[in-house]
Amino acid sequence: MTGLAADRRTFLKGLGVLGAAALVPGCATSTPSGSGASAATGELALQSSLSSEQTKAALAKMIDAYNKTGGKVKVNTVAVEIYRTQLPTYLASANPPDVYTWYAGSVANSYAKKDLLLDVSSVWDTMKNYPQAMQNLSTSDSGQKIFVPTNYYWWGVYYRKSNFAKWGVKPPTTWAEFLQVCETIQSKGIPPIGIGTGGTPWVASAWFDYLNIRINGAPFHRRLLAGEERFDDPKVKAVFSKWQEVLPYFDPKGKSIPFQEATSVLLAGRSGMFLIGAFVADSAPKDAADDIDFFQFPIIDPEVPVAEEAPIDGYFASKRAKDPEAVKKFLTWVATAEAQELYVRNSTGTVIPANPDGKSADTPLVRKGKAMVESAKELTQFFNRDSSDALQPTADAALIKFMDKPDQVDQILKDWQAAAGKVFKA
Amino acid sequence: MSPLILAFVFIPFAIEAVWVFWPALQGFWLSLTDWDGLSAPTFVGLGNFHDMFSDPIFKTALKNTAIWLVLFGGLSVIGGFGMALLLQKERRGVGIYRAALFTPVVFSLVVTALIWRVFYQPDGLVDSVLRGVGLGDFIRPWLADPDTALYAVILPALWRQIGYVMVLYLAGLKAVDPALYEAARVDGASAWQRTLYVTIPQLKGVNSVVLSVIVIDSLRSFDIVWSMTRGGPYHSSELLSTYMYSTAFQSTQLGYASAIAVVIFILALAVILGYLIRAFREET
């Protein structure tokens with residue numbers, strides 16, 4: 001599903017992951033025993049979902065550096081799609097791994113509610129310079145700090161500068177300008193808005209997220225995703241009415257191709273713009289890399305405080321970690337600018353250290369992304385990260401159906417509310 | 001009884017008990033509960049089964065599973081049997097054809113899915129062929145159109161299953177006593193009559209194997225659907241197996257998912273038992 005860019009960065013690998021995910025059901029039901037940590041040796045077991053080549057290597061370098069300072073951390077890497085389905089089992093097992101890579105916000109909070117996560121408030125005493133938004137996303141409902149953010153990326157509408165110049169359009173800032181740009185690109189015979197929902201329907205959620213935070217604002221969006229508002233609310237319908245204005249500009253082939261291919265379509269100039277995460281730039285060939293730029297999702301209602309989607313990755317730890325002090329020592333270290341720079345430097349080019357003192361890659365694209373996120377009044381992460389992986393499939397069904405049959409919006413929203421209601425009840 | 005025989009019976013039984021029977025029984029128990037995989041399960045009686053009646057996705061999945069059973073099962077039997085009849089005679093080059101038909105069985109279904117995804121992609125092989133023969137108007141987003149997605153997935157599943165069923169029937173045909181054909185020919189039976197009155201009755205044993213294989217394969221079909229459409233777009237190609245998986249591991253409603261698993265189990269048992277009982281009756 002959605003979210004973690006790491007594995008999305010490597011093209012085609014995702015297809016392998018699909019395959020691997022298909023093998024899961026057989027083993028998932030039979031063995032609830034933990035993926036064994038070494039209790040006796042005093043080693044910390046770090047369960048990692050950073051399975052793409054680059055992120056895995058970057059983590060290995062970071063852990064090497066930590067172990068040289070006298071730490072003892074052993075990494076166990078699991079393909080992210082399997083990790084996603086197995087994480088509850090890891091945490092609930094009799095002998096859980098100590099530390100986990102995962103997401104900030106409601107995902108972490110849902111485990112904290114079940115009393116599975118270690119209180120890391122003391123680690124946060126060393127993290128006073130972190131922005132308020134990250135603090136909020138790392139705090140559980142009961143007020144404990146349960147998460148340590150290490151890096152984030154951003155979403156935006158990506159395009160090729162050379163193509164925009166060729167078509168004679170400028171990056172829009174308002175909805176009216178955006179519609180105008182779409183109109184112009186379409187008149188050149190190019191589908192203005194690229195998308196790739198074939199096999200990766202979750203990318204459609206970016207459109208829902210952004211339209212909702214632009215029209216109804218981030219607080220409403222969060223309440224909606226927490227089950228405190230209803231999907232058949234007129235405010236949600238307003239989101240879809242706005243969406244309908246741009247639906248004719250979507251690439252009709254978008255529903256048959258996965259988002260990775262939609263990226264190639266954009267790079268090849270066969271679509272105009274693409275609302276996607278910064279990882280899109282990692283996949284570009286060298287000659288195209290400098291040509292890729294993005295603009296902030298257009299402002300629709302200037303009264304609504306500007307929010308941006310910035311998915312935050314980091315670590316949490318098991319409540320039943322064998323050596324909580326060692327865990328906290330490790331987490332204190334990963335919160336430092338030094339550790340995060342080490343990771344970011346060796347990882348893909350577009351992740352930004354969570355520590356404001358950490359230096360990111362010095363490219364115009366990353367500088368622009370960082371500035372956009374830092375100037376935002378509110379941060380959201382992404383649909384599944386702001387709700388749960390359980391709610392994501394309900395969004396996938398509703399949004400893909402809407403893009404196919406926009407005239408059935410009322411029924412779609414009713415069905416969505418019914419499906420979401422079941423998830424919240426569960 | 002010798003201790004060796006006892007060992008041969010009890011050791012596998014003990015292993016089965018731990019790895020098969022116990023989890024299966026647990027599945028039945030879980031189907032009567034609400035469970036998120038983390039907290040303790042709460043007993044809800046037949047609540048999960050009751051919920052199925054008002055669950056539109058479950059109904060779609062059940063309907064699609066029935067379509068799958070009929071189309072995938074029926075066509076693979078007809079296709080496999082037809083191919084076996086065509087290719088049973090030893091003549092030059094027949095081995096190549098048999099091998100060609102059996103090759104898809106060797107591929108993992110996930111690989112098959114990848115190959116067919118490429119066929120189906122916009123402007124891919126399927127679209128070019130249709131355009132080539134002047135049927136360009138029929139082109140659709142095959143896997144993304146709710147009206148075609150299910151059938152677009154059945155096709156690659158069949159592509160594989162036909163080769164498998166063919167091999168089963170080829171083995172069966174080899175076992176038919178040639179003297180029977182000889183006798184039929186002497187009595188003046190046509191080729192069609194020989195097939196109908198000699199070959200088919202002689203294949204009764206193989207038929208029950210094929211039927212069990214087909215029913216079990218249909219009901220557990222999961223990998224090909226999951227890797228091609230994940231049951232989408234918006235649940236239009238959902239099978240009971242894919243719906244079970246997504247409720248269990250995406251929505252983490254493990255109680256409800258177990259209830260779906262129980263339904264799948266009962267369906268498989270009903271079809272196979274029904275056939276076996278009839279087969280036994282005919283024999284006695």
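1. Strand 1 of chain A is covered on both faces: Leu44(A), Leu46(A) and Ser48(A) on one side, and Ala45(A) and Gln47(A) on the other, are all buried. A residue is termed buried if 20 or more other C-beta atoms lie within 10 Å of its own, exposed if 12 or fewer, and partly exposed in between, with C-beta atoms placed from the backbone. Strands (E, at least two residues) and helices (H or I, at least four) are DSSP runs, numbered from the N terminus.

2. The model is a predicted one, in which local features need pLDDT of at least 70 and side-chain atom pairs count only at pLDDT 80 or more, while totals for chains, interfaces and linings use all residues. Residues are numbered from 1 along each chain as its sequence is written, and chains are lettered from A and ligands numbered from 1 in the order in which they are written.

3. Strand 1 of chain A runs parallel to strand 2 (residues 73–77) of chain A, and 5 bridges join them; two strands pair if DSSP finds at least two bridges between them. Within this pairing, Leu46(A) has Val75(A) as its bridge partner. Strand 1 of chain A is also joined by 2 bridges to strand 3 (residues 99–103) of chain A, again in parallel, and there Gln47(A) is partnered with Tyr100(A).

4. Helix 11 (residues 204–215) and helix 21 (residues 392–404) of chain A pack at an angle of about 90 degrees, their axes lying 9 Å apart. Helix 11 of chain A is therefore roughly perpendicular to helix 21 of chain A, a term that covers angles of 65 to 115 degrees. Axes are lines fitted to C-alpha atoms over the stretch in contact, and angles run from 0 to 180 degrees between N-to-C directions. Helix 11 of chain A contributes Ala204(A), Ser205(A) and Phe208(A) to the contact, and helix 21 of chain A contributes Ala395(A), Leu399(A), Ile400(A) and Met403(A). Residues are in contact if their C-beta atoms, placed from the backbone, lie within 7 Å.

5. Asn216(A) lies in the loop between helix 11 and helix 12 (218–225) of chain A. Asn216(A) is buried, having 20 other C-beta atoms within 10 Å. Apart from neighbours within four places in sequence, Asn216(A) is in contact with His221(A) and Lys235(A).

6. Between the chains, 29 residues of chain B are in contact with 30 residues of chain A. Elements giving two or more residues to this side of chain B are helix 1 (3–30), helix 5 (109–120), helix 11 (223–228) and helix 12 (240–249) of chain B.

Methods
Angles under 35 degrees count as roughly parallel, over 145 as roughly antiparallel, 65 to 115 as roughly perpendicular and the rest as oblique. Two residues are in contact if their C-beta atoms, placed from the backbone, lie within 7 Å.
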